[in-house]
Each structure stands twice: as C-alpha cells, then as structure tokens.
Amino acid sequence: MRTRLGILAAVAALATLSCSSGPDGESPRPASVEPASASSAQATRVTIRGDGFLARPSTRLSGGGAAVDVRHRAWLGDVELEQVTWVDVRTLQATVPAGLAPGSKRLVVENALGRQGALEDAFEVVGAEPAALAAEIQADRTSAAVGQAIGVTLTLSNGGGSPAQVTEVSPASAGPAASCSAPAPAAPIIVPAGGSAVLAWSCSASAAGALELTAAAAGQDASSGAELSAAPPAPARVTVQAPAALTAAIAAEPATANVGQAVSVTLTVLNGGHATANLTSAVPAHGGTATATCGSVTPAPGPLAAGASATFRWTCTAGTPGTMSLSATVGGTDATTGDPVSATSASPASVLVQTPAALDVALAVDGNPAEALIGQSLAMSLTVRDTGQAGATVTRVEPTATPAAAVACGAPTPSPPQLVAGLGARTFAWTCTPLAAVDVALGASVAGTDANSGAALQASAPGASLHVLRPAALTATLSVDRTIADVAQAVHVTFTLFNGGTAAADVTSVVATRDPAATSTCTAPAPGPGRLAAGASATFTWTCSASAAGPLILGGTASGTDAVSGGAVGATASPAEVLVQVPAALTAAIAAVPTRTTAGQPTALTLEVSNPGGAAAEVTSIAPTAPASAVCGAVAPATPVTVPGGGRATFQWSCTPTDAGSALLGATADATDVNTGARLRATASTTVAVDAGGVPTVAGFIASPLVASPGQPFGVTLTIANVSAVTTQVTGIVASMTGATPGSCTAPAPGLPRPIPAGANQAFTWSCTAGEVGAYALEAAVTSTPALDAQPTPAPVTVQTPGHLAPATVQASRAQISVGQAIPVSLLLVDDGQGTASVTAFQTSASRTSDTGGATCTAAAPAPPQSITGGGSLTFGWTCTGTAAGTVALAAAVTAEDSGSGADASPAVTGAAVTVQTAPRLTATLTPASPSVPVNTPADLTLVLANAGEASARITAVAPSASPAGLATCTSVAPPVPVDLPGGGGSATFTWTCTPSQARSYTLGATVTAADVNGGPAPAVSVRTVTVSATAP
C-alpha cells in the first residue's frame, strides 16, 4: 500500500513539474557534455547536463496504478547516441559510438514530450593515432660454418594508438645460398598499441660468404584496416667460412715486343677460401714459336691469408720473331688442415714478338704542278711507311720550305701523335701557300718512336720544286664615244681588260651591262673571250642604244680563270653615264613686210626656225627661194647657228621682185642633229603682191628690231621708189607709234622737203620708243608730189620685257658618290623674260662644305655664247669627279645679257650638295665548319664579307668554286644576291655546302662580284681559299 502511494507521489511531482513548465518550457536546453571530447577510435560514455529533460506521466486505468515515460534521444551531428539514460530533469547519460568523423559536433536532445533543443559545438571528436609497426632482427652468432644452424629472432613493436594485426612474416637472406625454417609463433599475431611481439626461426648457409639475414612483416591496423608493413633497418650479419682455395692469373707486359726486348711477367695468386694457405713454390714455363729465355721468380713464396693475394714477377726475352706463350704453377698447403693446395694460371699470357719499326717517307704535291701562284693553296700529302713488324708512333710531322720566308704551310692532319701499323702506312695532309714569286722547294721531316720499345725514329722527305708566279689579276676600264646621245642612237663602248699578274688568265666571258635594262639594248662584246697573257691587255667593243630619254648607265664585267690555278678571276669597270635625249626636229615659219610692193622695191623677210626636240640642232644653211626675176640679199645672222632643244632662231633678209604680179618668196633651212649628225630640213614660203611702176610707191617700210625692251628704240627705214618719169617732191612725213600707250618718234632724216629724181629711191630713217610692254604699230603718213600710190603699211613691233634668266639650281645625277667617280651635272636655264637672253660665260666649280671633301669639274657643254629666246630654255651639262671624301657644293657661275638692250640677264644659281665617300673596301673571310668530312657528305662553308669603306657596296654575285674541278658539287649561296653592305663596317654572311665525291684534299673558294652602290668603280674582292679533306667512309 505504501509503495503504490510512493509511485503516485512521484507521478504527481513529475506531472506538477511538467505542467508548471508551460508550452515554452517543454523544450530541452542542453548546456554541456562531459567529457567535451573523445577519440573516434573507441566508444565513449558521456554525461549531458542542462534543463528541460522532461518525462511524460501516464495513468493506468485498468491497474489502478501510474507510469512515467522517461525515454530521451540525443544526436551528435547526424549520428544518434547510444544507451541514452534519463537521470533527472537536468542530467542524461549516453554513449558516443566509435568511428565518428573528427571535428566539432552539434548536440541535439529530444525529451519524452517530443520537444528538441540544441547546443552548438558541444563535443569534439578527435581522430585516433594509427598503428605503427617497427622491426628489429638479431642472429645468435656472428660467424658460422657452412651448413651450421643460426638462430634468428624478430621483435615487432607497435608504437601507434591502435592494435596491429600481423598476418605474414617472411624471412629473407642475402649472400651465399641459405635455407630458413618457418617463424614461430605462426601468424596472425595481434600486437597491442604500445606493445610488442617476438618471433623466432633458424637458417643455415650452403656456401661460404657474408650472410645477411632479414625479414618482412605485413598486416593491418586493427581499428582502421589500413595496410601495415615493417622490415628491420639493418640485417643481422653472419660470416660463413670455406677452406683455403687458390687461383692464379698470369699477365705479360708488353703484349707485343721486339726481338731482344725484355717482357715483364706477373703472376697473381688469390686465396679465395677462409683459411690461410702456405705457398711453397712458383714455377714459370714458356712455349710458342719464338725462342726465349726467362729469369728467376721474385719474391720467394710464403703464407697467403684468406682473401689475400700475392704477386710474383720475372722477365722473359725472345731471340726470334714469333709468339711466346707464358704460364706458371704455384703449390702449398692449407694452414688449417695441412691438405695440399695448388693453382696453375688459367690461360697463358701470349706475347707477339716482332722485328723493330723503321720509317720510310714520300712527299707529294696534289697535281704534281711545276708552277704555282702566290696565295694559291697547295695540297700536300706525306706517306709514312713502317717497314718493320712493330708499329711506329709518329710524334712529329714538320713541313719544310726553302726559302722558308717564301712559303706559309699549315699544320698537318691528322695531328700527331699517330700510330702507323707494322708494314703499314699513314698519310698526312696539309696545305702550303706561296708568298713570293720565287723558286721554292717543299719538303718534310718526320720523328716518332717504336710502339713496342719506345726507341726514337726519324726520316726526311726530299723536296718538291715549284716555280711561283703572281696570280692573274684583272682590272677593267670602260669609255664611251659620247656622253649625250639621241634616243635609238648607237653609243660605242670600249672595254679594256688588263692582266697585272705574272700568270695568264683565261677570259671566259665579257658581259655588257646597262641601266635601265628595260629601255635599252646592247650588242654582244667583240671579239670573243680568250687567253690574256701576263702583263697584256685586251680591248672589247660593243654598242648600246636607248628607246627612251633619260640617263643611261653603261658598264661591263669580265670573268674567267687563272691559267695556272684554275681559280676564278674577274673585273668590273666603272660605269659611264650617257644622257639620252629626244632627237632634234626642225620647223620653220616666214613673214614678209610689206606683203604688197611695187616692182623693183625690196621686201623684208623674217624666217623663224624652231626645234621642238630635245637634242640641239645646228642650222647649217638658210637658202632663200624666189622667182627667177627677183633678187634676194644675204641672210643674217650667218650660219651655222645652234638651236637648243625647245628653242628657236630668227633669220632676216630682203628680196626685190622686178615683175608685176604675185611673187612666192620663201626659204629652206638645213640643219643637223648635234648628237647624231642626222640631217634636218624645214621650208616656209609666203606670197607678196607686186604692182607695176608709174607713180611713186613705198619700196620698203622696215623696223629693226621687231622686238625691243621698254625704252629701247626701234629703228625705222622708209624707202620711197620714184618709178614715175618726173621728180617726186616729198614734202612731209609724219611718223607715229600706236599701241598700248602712244610712243614717241624722232624726226625723219634727211630733212624735208626732199626731191627724188625719176627712177631713183630715197630712204628716210628715224626711231621710235615706247615705255610700256605691248603690241605696237609703226606708221608714217607721207605727203608728196606726185602722191604715192599707197601709204606705207604699218609695221607691227613688240615691246616686251628684256630677256632674263630665272634663278636655277644645279642638278647632280647622284647626291652621293665615291672618290674617283664621275657623275653628270646639268643646269637648266630658263628665260623668264620676253626678250632673248645671251649666255656669254659659263664657269663650273666645286667647293668643299666640310673640313674634308673635294671634286673637279669639266667645262660645260654647249660652250658659250648661247642664245635663249624668251620663254625658252637651254640645258648645259658637264661632269664632276670626286677627289676626296667629304661634302662638296657643285656650282656654276653664269653671265648673260639681254640680246636687245645688253642689260644684265645673269641668273642666281644654287649649287648642288654632294657627299663624296671613300669607295667600298671589301674584305672576305671564308671558313669551313670542319677541316674534313666523309666522302659524299656536304661540307658547310661560311663567307663573311665586310665593308670598311664609306660607300655602300652591292654584292651582285657569289659563285662557289671547288678544285679539282668536277670532283665536288657546291650549292648556291644563301641568302640570294643582290645584298647591300652598308659602309662603315657593314657586313653580310653567306653560307653554302660543297659535297666531295672522292677521298682527297679539296681547295674550296668563291668568286665575289660587287658594285659601288654610288655608281663608282667596282670594288675588288679577294677570297682566300680553304682546304677541306674528304675521307673514305
């Protein structure tokens, strides 16, 4: 009865507690976990403290009793805790299972009412230390006999935090063959954390030696299942011994020897057992085809420890060539057992006995030439023969030359020391280059040693005699028969080739060059190429013409080979520049004053001849034409008269017709082109009406000049012909000048009145002057008795600005030239006035504009005096040649005057600045990649060209060569030409390959053709050849 009451009281208390909490107080409120951390390797019991760990009361209606539901649940992260036990409303106990992931965990608690509460970072799971195996092995002895049992123990220690399960233990050994029993206890074995286990077994060796015993253990971590292994850090070492055992080996030095040469013999005896051997004898023996004697053995035999060796020595000397077979036997006893032991050399030492080495030498020059050139590379070969059986080591090969200063020789290849086999031969090669034109003798001396005995050997080769010449050296000059020519006019070119060497040159080609090539052509040079003797010269000629006006650059290049060496030679002449012009042309126009006259009265005629071409025309004659009854006067000015290209010339005369009617008056102008001499002709004519006589008439009304400058007087002549039968009385002449502004005229002379007898003529003269430019008419009103049949026809005249030459600038065909280079220079003079300007003087000059520099200039063409009509022009040309490097100003001083007034018409002339540079100076360095290559293997060559001059050079051709010809093929060079080398140290590198077809020495080189970019003389380029040997594969 009391127990039931107690339970009911507890239920009532719990119910009261549960009800008093209210809805908000029904959730658990965990505050801590004890302990706060644990290892994940094992389950851990913890206490959870807090509040709200509420039970749920219930009443049993049937039994009359009460029940309390105290079930709680808890989680760390998403893992539910095990064995959760309710202690009171503030305390729970639970088990954290093993295997949780390490880290901080969130705690969630659910009470009996189904309410949940949480605590962040409530518990820390710590990862467990894994198992860690270590092993140590021991043997029960350090030495043992063959077949003796050796006890072995293996101690396994676990230094980790988890147990280790050992599933396999494998004994092992190194050294002589051995067998082992199974370890005990047998696997599997558990080694607790921090604990150890001991296993044991036994091993025995079947042979002597250093035996190493070890083992390997394998298993798993009992907690994580991770694989484990362990092996001892060092094996257990046991020495297994065997009986004394002798072996013998014999050696002879040298293996090849001469007759009478002592051979050192060495016998090495080794005790391969573990017991000492007492040696008592060492007996030499010899055999073979050579006779021999041997000396005594040293040292005397004695004890030989286990594993030790002893060396015995003696000498043997052969008396005849052949072979010696050397051997020996040693004997003794085992120091432990007393058993006999012995050994004979496993195989005899064989020595070849030979006769001593002896040298014989022979020298050869490639091609066996009798002549050679200065600078020519001569391929030398020396054959060294060994007439003995013993080999010889050649230690020195020294080329010789007499006189020594006249020849330079390279080092022989292959370089000594070199071995020559007995009864064999070896060839050495080098090159020699003559330095002076003298007779030379080439030879060689050889030193060496006997390969067997080391005895000194010597030999000398007799000399090879050569007559040395200077190489063929070609220079070329070029000239033209004219520097100005017409389009399509042939320019004759003369190309002179000189051989300055003492060797002849075989000229294979002479090539004419031209620029621009598209608008010009040249004939083939004549005569054809051939041999040019030393010191001789040859002249070749051809013609060139251009199809368009402008500068034409003509040049020439010759190439060939040296008649002695076959090396390439060549020369390029400095080019000549020709100014090509459009041919001269001729047109004519004529005017008559008056166009109507009276029979017997003169008519003034003016013929204007124009040249619309580019070349000047020389008028050689003016032939007036008229009816047979007319009489014509002389033409002024007298011929010849030069009419420049684009210019004109005026000619005047008078004709007097005597028959009434119509008179056809004219002229024929003949001229020649000053460049070609081609004939030119132009004609013109005009018709003049001629009246019959009977009354006074105007026979002529002429003004001279027809063109004048402002303020310059026109001379006027009025001729009255009295064709009547009575005297004509001229009573008045009123002279006037009408035009842009009225002009002023002087009084006619002679004075008036003036009688003119019948049949006579009377001339009256005066002058008129105008101050303004323009067209004017000179007029005269004549009063006479009887009256004139007609008043004079007004004479048209022109007042124009005086002839004057506009400022001009000298034009040089190049702004940059080389010393010694000649260039065309021109000055175009333009008459910017209306009158004719007369050039009376023309002086060319060249002056330096820096501290250095110089040039000389020729006289200008055409030579003064020259006339330039108003609005016309004339080009003067000359040449200037650079004489010193620097900058110069090419100038001209021109004096001119107006042809009518004599006023100064000289132009202001601006000079042309020209830079004069030192000519290109080229050096060449040819280098092979290797001094020798196998046959049919390309030899790489590199040619470096450098320009030490100021002017740039243009490399136009690089032609590789190989001698002897036909035995090697060479590729084209890269990069392709042309290539420009700037002045002042500019350089270019060319590469190519030459492939030899036979085993021998080759002389490789190149012929380089270059041009001065400025247009100056072609620079010479000398390439020193190199020698490359081709060896048999």
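Predicted model: local features only at pLDDT ≥ 70, side-chain atom pairs only at ≥ 80, totals over all residues.

Reader: Fine. By class, what is in the lining of the second largest pocket?

Author: Its lining has 20 nonpolar, 18 polar and 3 charged residues.

Reader: How much space lies in that second largest pocket?

Author: About 1200 Å³.

Reader: Switching to packing. How many residues has the largest nonpolar core?

Author: It has 32. Leu943, Leu945, Ile955, Val958, Phe990 and Trp992 have the most contacts inside it.

Reader: Which elements give two or more residues to this core?

Author: Strands S80 (922-928), S82 (939-947), S83 (953-963), S85 (979-981), S86 (986-996), S87 (1001-1012) and S88 (1026-1031). The largest share, 5 residues, comes from S87.

Reader: What lies apart from it?

Author: Another core, of 31 residues. Leu267, Ala290, Ala318 and Val341 are among them.

Reader: Now backbone. Where is there a cis peptide bond?

Author: One runs from Glu34 to Pro35, with omega near -10°. Pro35 sits in the loop between strands S1 (29-34) and S2 (37-39). Another cis bond joins Glu253 and Pro254, with omega about 0°. Pro254 is in the loop between S22 (246-253) and S23 (256-258).

Reader: Why flag those at all?

Author: Because most peptide bonds are trans. Likewise, most residues other than glycine have a negative phi.

Reader: OK, which residue other than glycine has a positive phi?

Author: Asn368 is one, with phi near 50°. Ala488 is another, near 75°.

Reader: Where is Asn368 found?

Author: In the loop between S32 (359-365) and S33 (371-373). Ala488 lies in the loop between S42 (484-486) and S43 (491-499).

Reader: Is Asn368 buried or exposed?

Author: Exposed. Asn368 has a relative accessible area of 68%, and the cut-off for exposed is over 50%.

Reader: And Ala488, buried or exposed?

Author: Ala488 comes in at 58%, so it counts as exposed.

Note on methods
Residues numbered from 1 in each chain as written. Heavy atoms only, no water. Core = buried A, V, L, I, M, F, W, Y, C linked by side-chain atoms within 4.5 Å. Buried < 20%, exposed > 50% of the residue type's maximum accessible area, 1.4 Å probe, protein only. Helix = DSSP H or I, 4+ residues; strand = E, 2+ residues; numbered from the N terminus. 1 Å grid on protein atoms, 1.4 Å probe; cavity = no way out; pocket = protein on both sides within 12 Å on 5 of 7 lines; lining within 4 Å. Points joined across faces, edges and corners; volume = space filled by probe spheres on them. Nonpolar A, V, L, I, M, F, W, Y, C, P; charged D, E, K, R; others polar.
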